[in-house]
Amino acid sequence: MHKVRNEADPVPGLDPWAGGKKALCAVAVVALTLVGGDHALAAAPKEVVDAANKEGELRLYWTSTATDTWLKRFQDAFNEHFGTRITVKDTRGADWARDTTKVVAESLAGQKPVWDLMLTTEAHHNDLLQAGLLGRYEWAKLFDVPSQAVMFNGGAYAFAHQVALPAYNTDLVKGADIPKKWEDIFNPKFNEKIGASTATHHWARLSQFWGDERTTQFVKRLAAMKPRLGTLADLNQRLHIGEILLIATQIDNFMRVSKIRKAPAKWAEDLDPVLLQSITVGPLKGSPNPNAALLFAGFLATKKGQDLFQEFQWQSSIFVKGSPYWKFVQGKDVVLLKEDFMAKELQRRTDKYGAMLGYR
Amino acid sequence: MSAREALSGATLRRAIAGAGFTRRVTQEITRHGFGYAASGVVGILVGAPAIAVLLMSLRVGIPGRGGPLTFENYYRAYTDPIVLQVLLNTFLFAIGTVLVTLLFTLPLVWLFNRSDLPGKRAIFVFLIAGFLVPVFLRAIGWILIFSPEVGLLNTLARSLFGVERPIFSIYNLPGMAFVQGLSLVPASFFMLSAAFRAMDPALEEASYVSGASRLRTIRRINIPVSWPAIAAVMVYMLMLAVSLFEVPAIVGWPARIFVLSSLIYFAVTPNVGLPKYGIGGAYGLLMMVLGLVLAFLYFRVIRETKRYAVVTGRGYRPKMLPLGRWRYPALAFVAVYLTLDFVLPLAALLWVSLLPHAQAFSAAALSKLTLVNYRQIPELIGLRPFVNTTILVLLAPTLSMILSIFVSWVVVRQRFRFRGVLDGLAFLPHAVPHILFAVALAYLALLFREVLPIYGSVFIIVLAHTIAYLAYGSRTMNGVMIQIHHELEESGRVCGSSKLRVLWRIVIPLMAGAVCNAWLWIGLLSYREVTMALVLRGPENVVLSTLIWQLWFAGLAPEVGALGVVLIAVVVPIAWGARGLFASIAHGYSGGTDER
Amino acid sequence: MIRIRNLSKVYDTRHGRVEAVRGINLDVAEHEFCVLLGPSGCGKTTTLRSVAGLEVPDDGEIDLGGQVVYSGPQAILVPPEKRDIGMVFQSYAVWPHMNVFQVVAYPLTDGRKRSPKHDVMPRVRGALELVQLRDLEDRPVTDLSGGQQQRVALARALVSEPRVLLMDEPLSNLDARLREQMRLELKKITRSVGVTTLYVTHDQAEALSLGDKVCVMHDGEILQVGSPKEVYSRPQSLFVAQFVGEMNFVRGRVRGRDEVDSPVGKVKCPVPPNCEAGREVTLAIRPEHLSLSSASGDGEGAVGGKILSKTYLGDSTLFEVEACGVALKVRLSGDSDFDVGEQAGVLFPPGRWRVYS
């Protein structure tokens, strides 16, 4: 398996099945071959800017933790960067899957998408792709997006990543009990005091790296510990309170909250591989403000956009050299969903591991 | 006779025969115009989404994507080996919940409406305020107090008696039923109050002068006489216990106890992939069948409505019975209930809101108390959710009550042939899982956006709540209307008033107190409802409940706690005022004909 | 048996305080049938309900068979279920979820005088026998007619053989014929059982026919207590005179100790001691005490008048006669030959006039 080494070539080992082959992001290859594709919006940034300015408005779907202040900061930075005067109206969504479905259902009913741009994950954008709601854009050419980040034939790109790892209560779990590798969460001390969340896709992601067999065994052992089930938010409260000692996987959004509030919660950072989820963005086909959407998506790839998002969500792209997450994953294996895995296996395995834990 | 004449003769005969039939139909329709009108309105409002849900369960994929009808969802849903266990759990959970609810509700309702229990106004307000604490916030309270690991009770037991094993846990079926049952007390309290208040006090007095004690009178007279209303509440709460998701998620999941509603929730709320509405629909159908069976049973209970017409023409003035020395046990009972349902959740809420992050009760935590969460509030919410919420809580209960009164009136009062069907229809929204109902409604609103452009606005939430709470409203109104003697209405008719005018001038004023209470209660339900509002949400129609929900799921529990405390602080004075207002409205009607 | 002292009760209504009962006193002897008679709002129901314990008075004392059940000064309040009473309500108050037997058996199965099971059946049957409902014991009470429901309520009130029976306008919801029949039966039944009865009504015919003692109330006060005959023939106040039975009223002016001037001439009658000469008074005389003569002129104890109307009632005929500018009602027994428009003399028998200041 390949480690991400702190050297000139930052391409991480994304292809565990390929064994010892030199890792190269297949996504990137696809994206590169698409440059100049017939459906691409072959417009120079200048034209995009003018068209976007004409639209004057952007309807953005993004995280539920956003506030009016953050919206304004993004809007101002965005307008300042491109010299535009675009009003950003946002919806702060908590249930990305359901809202994605809504957009798909609306488009099937002949309704234009209510949002121009959705900041969700690769899995959600995959659903949009299957519904034919993603276009094709030359992200690398237009906005200098790292080519490995471009996904779905240019339909969207990952501007940041979300990390998921086991998290423990620092007051109650100490020293040798802190997990150093994934199997350490089976410590009998954690029996009935470990949380396993509804985000069962984490196990499916892990299985892309480990293979189905090993992951199945892993989840079986986890289920045998009689874990406390619940949503990530719910389990996070229980972790803070100390009702559970450990959450089998917790995402960075909640770790950030824990850190800001000085709650006794920490990731087991030594674990390998690190589960990554791509935070993706791509204009919705048929939306009223396609150019503003494209421009804003591009803005997120800029230095300013990256910094702002880091400040906002504490999430950054592992493809951007020097970014916090680029640093975090150095020397570690990472799991990033591949598109064919997403299309064929993700759903099935998510359901399977979920069912093993009790989720139906 | 020419061929043409013969032809026209035959046509004429056919026409006459046809006209005979048409006339009968016309007669039927004009005679029962209100019945058909009500059935039509309710049929469209309820039937369309219900059918959409049914179709959803017969298709794979998401609403709107065509494809052949298939039983695949049913196959996948019901061949899962876990289903039998889940059904058993659901059954036990629902029955347990209703028992717990009634255990608390019946004494409370009696004390509140028929006795001179002191501090009624405060109790009323506490009931409302307790109800306003969102369930997932109460969950923190339950964890802090009842958790086997860190709960206050068990920690105390450990330090006081040196008990090693936790003595008390809510992570089991009885615990789930207890918590859920407790949370349904305010709703059932409001449903039953109306019926208890409307009862002819002479029925009770006759028992006292026969020498029966208070408890015995409650058991032998009040409860049996109010049986239609109690049955209505039981059926309603049973269905609610089957469909509510919060407690099964917060108390059930940690204990790995699954019920129907948690299966449905998980099916339609995946973290990746598209929601499996079809599977949800397949489980949902079971709930609908159950709901219809219950509605049918209920209708049999109230069929002999005449038997229960106990509010007579005599000016009635419900007497409050002096409790005497029973006052203290009664107050103690109320105190226990309020502690469990109001004080503990609110204390936990306050505790959480004053800390940087959720933590167990401890002296060490006291040093960390902070107001930072309160300062965050203006930053987290703008003005729009307040405007939307105001529109919602004013409009939804009003529309729902108008419809409910009309439906109940037809069902209970009119000799309408299909009143059973109408009553079943009005109950149906309660039996359809709300998530699916909202999905179906959203889809329909999308399809018919040219005719009714409400998609994405707050008005679609208003519509969803109007329909969903029709079940609550019509059940409450049924219970009350049954008890109003038909002669009161008939006397209005013989004075030359039309049916509608009698409804407006006589029936509704007689029920004024109950109508006000139900209105208020639907307003509160609407205020708190999050499932449907979330599904129907667009950029323009965020309401407070969805806002709180999304903040909570972003892990901002302390901020949500602070917001919760602020909202309670806002609502309690309003509820206090509303109570006074409603009391005087109710008094204005029922107290008008005092007989000394 | 029933002793009421200084009973008073004030209600706070939206329109201010209302004194429903103003310190009344009443004694009802054992086996006596006492009727509280008065218009609605006079305080009679409040009094009855206070005796039952369903209403808590503000002051005074109530004594039932030697037991103080309420005392304001001593702060005694016996709850209704501890009082040895039976009660019949105006609205019947039969419980809709029971059958006839169950309703009547209730005081024995759930009430103060709980009886052994084998005892309940004969006693309930006995009570049903008393009210002639023996055949209907299995019927749901809601299937019965109003009169039958009222009998069920009566049987329920009597089954525990209480020492005091309270009845709150029990016949007012029945139709006229049934009311009369029930009235007779009530009298028979209560007499045969010998229960002390307190009965509230606003119907004077009911009061006079049922009561051993009639107690006329007005505005929270008792105006007169006495036998039906006393109350009817010697009403002590204008209100009683007006409320009990029919009465002709004529304005007059006192002339001497036993003489009053009136439009119909000088009237000889005892004048109340507080009325000095020259004072305006009201003279009253019952229609049945007047008679008509064919001699149309004035004479001793007679004035000429003209017949304005005639109402044939079967057993009697009621005339309205105008004499000396005053309209007088005259009741003659049986049919009579006088016709409307005829001139006739109205005869005033001596000793029938009563004077009220």
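Mentor: Residues are numbered from 1 along each chain as its sequence is written, and chains are lettered from A in the order in which they are written. In this predicted model, local features need pLDDT of at least 70, and side-chain atom pairs count only at pLDDT 80 or more.

Trainee: Why are helix 8 and helix 15 of chain A called roughly parallel?

Mentor: Helix 8 (residues 212-224) and helix 15 (residues 346-357) of chain A pack at an angle of about 25°. Angles under 35 degrees count as roughly parallel, over 145 as roughly antiparallel, 65 to 115 as roughly perpendicular and the rest as oblique, so these two helices are roughly parallel to each other. Their axes are 8 Å apart.

Trainee: Which residues of helix 15 of chain A make the contact?

Mentor: A:Arg349, A:Lys352, A:Tyr353, A:Met356 and A:Leu357 do, where contact means heavy atoms within 4.5 Å.

Trainee: What makes C:Gly325 exposed?

Mentor: Its relative accessible area is 66%. Buried means under 20% relative accessible area, exposed over 50%, and partly exposed in between (1.4 Å probe, protein chains only), so C:Gly325 counts as exposed. C:Gly325 lies in the loop between strand 18 (316-323) and strand 19 (326-333) of chain C.

Trainee: What makes helix 19 of chain B mostly covered?

Mentor: Good one! In that helix, 10 of its 13 residues are buried, among them B:Leu422 and B:Phe427.

Conventions: Heavy atoms only, no water. Helix = DSSP H or I, 4+ residues; strand = E, 2+ residues; numbered from the N terminus. Axes fitted to C-alpha atoms, helices over the stretch in contact; angles between N-to-C directions.
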